[in-house]
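Subject: Structure handover

Hello,

Here is the structure you asked for. Please open it next to this email and follow along.

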Amino acid sequence: MWKLREAEDLMALAEKAARLTVLELDLQGDLTFVYRIHMPVPRTPVNGQLQIGREAVFHLVYQESWLWESPAGWGPLGLLFPPDPYHPEAKPALRGALCLGRLPPGTRPREIVLLGYYMLSLQAIQLNELDPSGVLNMSACDYFRAHPEFVPLTRAGLFEDLESRKETS
Amino acid sequence: MGSGHDLGKNCCLWQAEPQPAGTSDDFVPLKGLGPAPADILRSLVVVVIGLGAVGARLFVQLARLGIGTLVGIDPDDYGPESWQTQPARRWTDAGASKARRQGEIAHDANPGTTVLTFHAFAQDVPLWVFRAADVVVAAGDNLELMVWAGVSAAALGKPLLQGAVFGEQWLALVRKYPLEHPAAACPACALGTREWSLLRERHGCDPQTARVQGIEPTRTLPPVCSLAASLLAGELLRAVLPAASQGTDAEELDYCLLTHRIWQTKYARNWQCRCPHERWRQIDVAGPPSETTLEMLLMDATYDIKPRPLVAPNGPTSLVSPTVQIRGETPFASFTICSHCGMEVAVRRFAKVGDSVGQCGCGETLRAIPMATRSVIPSHEIRHCLGIPLSELGVPAGGAIGVATEDLSTYYFIGQPPLVCDFRKSRPLPVKPAGVV
């Protein structure tokens, strides 16, 4: 029952967010939600210049036990595309893992979608290498500390049009 | 000092030793325990989670009471300041494993007790250990651990006790959750929004150390910790001895050493509790994992739980139904991606994130990755795993496989676990009928 409720919630979110496209929603086993968001994405720098992608494909998996247990920050959300995210909370060695930090039990999938968007667009990032819950890529920490002009990549919220916030992207 | 057998994987065992020949029976009946308590206590298996200021004191008390098998679990090592509050030696014990040290102390106090210790998080200890327990005791106030222990104790039908302290108030408390009764409250039943939000505190980002150990040392006065341990030992005796009064309500008893006030509270079951309060059907499978397959387990599940053929979407009668969920004690990794060459490799085995799951063609060690691990076997993968021996799917001897349908979860314990366990309930699996996929 909880999966049906969360699936309805996710579909309602997708209807509200014009830039979000649902690619897969699977309720067998763990709840699995694959979606694409048209958004700026930090990718591995070339010659010191940050590459910025135009879209990201997220992969959200939600286990029933996370209703009462705290998931690891990297547990629920991964990135299927691009393959080379350059982000303090994305670990290159564990492809696609995105760390959302400390999540309380019962954090709803809808909230994880929003957290993932704000994290990847650099609106909410953790640059403290000493924090045991947050940083997966030290070199990206250094990079964004030295290049604050990229933080954030956009100020547009998930429900807003990117063009409406173009002055900052 | 008795030396334990190091069994690897941070596990250490001290076998019960027979009484030396020529010595008289030195086990005198203690007052107030009723008739023949020694036999009852000798037959018990008690699991103590947390061997710190409260748990360590309890552990040795239980050994002196003559509990037959003691299992102690603690992931921590002693810090330089631990000796002030915990039964550890100054200087020489700093850096030592709490589990190993307390195992030595308990077995030294009573060599007639079998002592097994795990230097690990309770959530990572094999399920058969908890299944073998008659009582599970959690010593500490780690909420996340208590919620997990409550879910597990309810699933296995074990009574759960908790002992904890509040240092500032000189308060020792003990809680009893009689989860062998399906309608009893669990530790999560009384949690409010604030407590749930606190549960996020103990996770790190490195998959190898996902559970972050406590960094704040216990600073509660030793007498308060000793009192909590004694209250806990008393509650355990009340739970296991037939002479003691038994109730089916969860209860809390608080004693304040500053004011000598006592509070006693009953906990009602919260029917809106987030935890499942689910009792598993438990079945022992006599054959080892190398001779058992998922197909054999599914046949048992389908015929015993839902006596009707299950029809797969593509037509033929099948054991695989979208409503059947299969899980192990660790997550299931469908595939992984080589961190060196980027090749996607099918894995299909139970493994924790970061565990080695084979070797890539390029020579790099393959590791389970978060994106490809699930708490249950994805339905499209079940078909591929049906005929594979469970040992090849990463299930160790004594390991558990859960098969859940809409209304019932069955856990199969596969083969003889490497250590203490009771297999009196073993029964063979049904014979596979011809023609079943």
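In what order do the 4 strands of the open sheet in chain B stand? The order is 11-21-20-14, and the pairing is mixed.

Before more detail, some ground rules. This is a predicted model, in which local features need pLDDT of at least 70, side-chain atom pairs count only at pLDDT 80 or more, and totals for chains, interfaces and linings use all residues. Residues are numbered from 1 along each chain as its sequence is written, chains are lettered from A and ligands numbered from 1 in the order in which they are written, and side-chain values use heavy atoms, with hydrogens and water left out.

**The sheet in chain B**

Strands are DSSP runs (E, at least two residues), as are helices (H or I, at least four residues), and both are numbered from the N terminus. Two strands pair if DSSP finds at least two bridges between them.

Now look at one pairing. Strand 11 of chain B runs parallel to strand 21 (residues 409-414) of chain B, and 5 bridges join them.

Chain B as a whole has 9 helices and 21 strands. It has 437 residues, and 51% of them count as buried (buried is under 20% relative accessible area, exposed is over 50%, partly exposed is in between; 1.4 Å probe, protein chains only). Take the contacts in chain B between residues at least 6 apart in sequence: 67% join residues at least 24 apart. A contact means heavy atoms within 4.5 Å.

**The sheet in chain A**

Chain A has an open sheet of 4 strands too, in the order 1-2-3-4 with antiparallel pairing. Its edge strands are strand 1 (20-26) and strand 4 (77-81) of chain A, and each pairs on one side only. Here the twist averages 40 degrees from one strand to the next. Strand 3 (residues 49-62) of chain A pairs with strand 4 of chain A over 4 bridges, in the antiparallel sense. A:Val57 has A:Phe81 as its bridge partner in strand 4 of chain A.

**Aromatic rings**

A pair of aromatic rings is described by the distance of the centres and the angle of the planes. Rings of Phe, Tyr and Trp (its six-membered ring) pair if their centres lie within 6.5 Å; planes under 30 degrees apart count as stacked, over 60 as edge-to-face and the rest as tilted. Over all chains, the count comes to 13 aromatic pairs. One of them is A:Tyr62 with A:Trp66, edge-to-face at 5.6 Å centre to centre and 85 degrees between the planes. A:Tyr62 is buried at 2% relative accessible area, and A:Trp66 is buried at 8%.

B:Phe332 and B:Phe350 have ring centres 5.3 Å apart and planes at 75 degrees, so this pair is edge-to-face. B:Phe332 lies in strand 15 (residues 332-337) and B:Phe350 in strand 16 (residues 344-350) of chain B, so the pair ties together parts 18 residues apart in sequence. Both B:Phe332 and B:Phe350 are buried.

**Salt bridges**

Side chains of opposite charge can pair when their charged atoms come close. A salt bridge is a side-chain nitrogen of Lys or Arg within 4 Å of a carboxyl oxygen of Asp or Glu.

Which residue forms a salt bridge with B:Arg89? The partner is B:Asp93, with the closest N and O atoms 3.0 Å apart. B:Asp93 is buried at 2% relative accessible area, whereas B:Arg89 is partly exposed at 43%.

B:Glu251 and B:Lys266 also meet in a salt bridge, at 3.3 Å from N to O. B:Glu251 is in strand 9 (residues 250-256) and B:Lys266 in strand 10 (residues 262-267) of chain B, 15 residues apart. B:Glu251 is buried at 12% relative accessible area, but B:Lys266 is exposed at 54%.

Best wishes

Methods
Axes are lines fitted to C-alpha atoms, for helices over the stretch in contact, and angles run from 0 to 180 degrees between N-to-C directions.
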